[in-house]
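The report below looks at side-chain surroundings and ring pairs in one model. Please keep the sequence and the structure in view while reading.

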Amino acid sequence: MKWEIDFFNETIEAEILAFPPKILAKMLHIFEMIEVYGPNLGKPYTDAFGDGLFEVRAKGAEGIGRSFFCYAHGKKIIILHAFVKKTQKTPQREIEIALKRKKEIHHDQ
């Protein structure tokens with residue numbers, strides 16, 4: 001059974017589609033790999049971030065794109081938040097947005 005990727009909302013999907021072209025291409029390629037092989041691809045593609053939060057890491061000539069995700073039931077993951085990194089360290093605000101959305105997802109299940 002293939003893995004399924006869903007988005008927390010339509011805005012998240014639109015934000016990813018608005019990424020710079022090379023970051024977008026890399027992100028979409030990683031999403032395709034996740035659908036086939038699952039989200040535990042490991043670095044440089046995915047990584048555990050802690051508190052049940054994981055990230056997709058897409059590096060392109062224009063910078064570094066990140067998408068935070070969590071597991072839903074079965075073979076489904078939810079993309080919670082996406083952004084293009086402008087600093088070496090992931091800003092705390094970006095992490096907090098993803099964690100808040102993760103709580104909403106797991107509260108509804």
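Leaving aside neighbours within four places in sequence, Glu 62 is in contact (heavy atoms within 4.5 Å) with Pro 20, Pro 21, Lys 22 and Ile 23. This is a predicted model, in which local features need pLDDT of at least 70 and side-chain atom pairs count only at pLDDT 80 or more, while totals for chains, interfaces and linings use all residues. Residues are numbered from 1 along each chain as its sequence is written, and side-chain values use heavy atoms, with hydrogens and water left out.

Glu 62 lies in the loop between β3 and β4, where strands (E, at least two residues) are DSSP runs numbered from the N terminus. The side chain of Glu 62 reaches the backbone nitrogen of Lys 22 at 3.0 Å, and the C-alpha atoms of these two residues, 40 residues apart along the chain, are separated by 7.0 Å.

Glu 55, by comparison, is found in strand β3 (residues 53–60). The side chain of Glu 55 makes a polar contact with the side chain of Arg 57 at 3.0 Å; such a contact is a pair of N or O atoms within 3.5 Å, and within protein one must be able to donate a hydrogen and the other to accept it, with residues adjacent in sequence counting only if both atoms are side-chain atoms.

The accessibility classes are buried (under 20% relative accessible area), exposed (over 50%) and partly exposed in between, with a 1.4 Å probe and protein chains only.

| Residue | Relative accessible area | Class |
|---|---|---|
| Glu 55 | 3% | buried |
| Glu 62 | 36% | partly exposed |
| Trp 3 | 17% | buried |
| Tyr 71 | 24% | partly exposed |
| Phe 49 | 30% | partly exposed |
| Phe 68 | 0% | buried |

A search of the whole structure finds seven aromatic pairs, for which rings of Phe, Tyr and Trp (its six-membered ring) must have centres within 6.5 Å, planes under 30 degrees apart counting as stacked, over 60 as edge-to-face and the rest as tilted. The rings of Trp 3 and Tyr 71 have centres 6.0 Å apart and planes at 65°, so this pair is edge-to-face. It links Trp 3, in the segment before β1 (4–7), with Tyr 71 in strand β4 (residues 63–71), 68 residues apart. For Phe 49 and Phe 68 the centres are 5.0 Å apart and the planes at 75°, so that pair is edge-to-face, joining strand β2 (residues 46–50) to strand β4 across 19 residues. Ring pairs also link Trp 3, Phe 54, Phe 69 and Tyr 71 into a cluster.

Terms used
Helix = DSSP H or I, 4+ residues; strand = E, 2+ residues; numbered from the N terminus.
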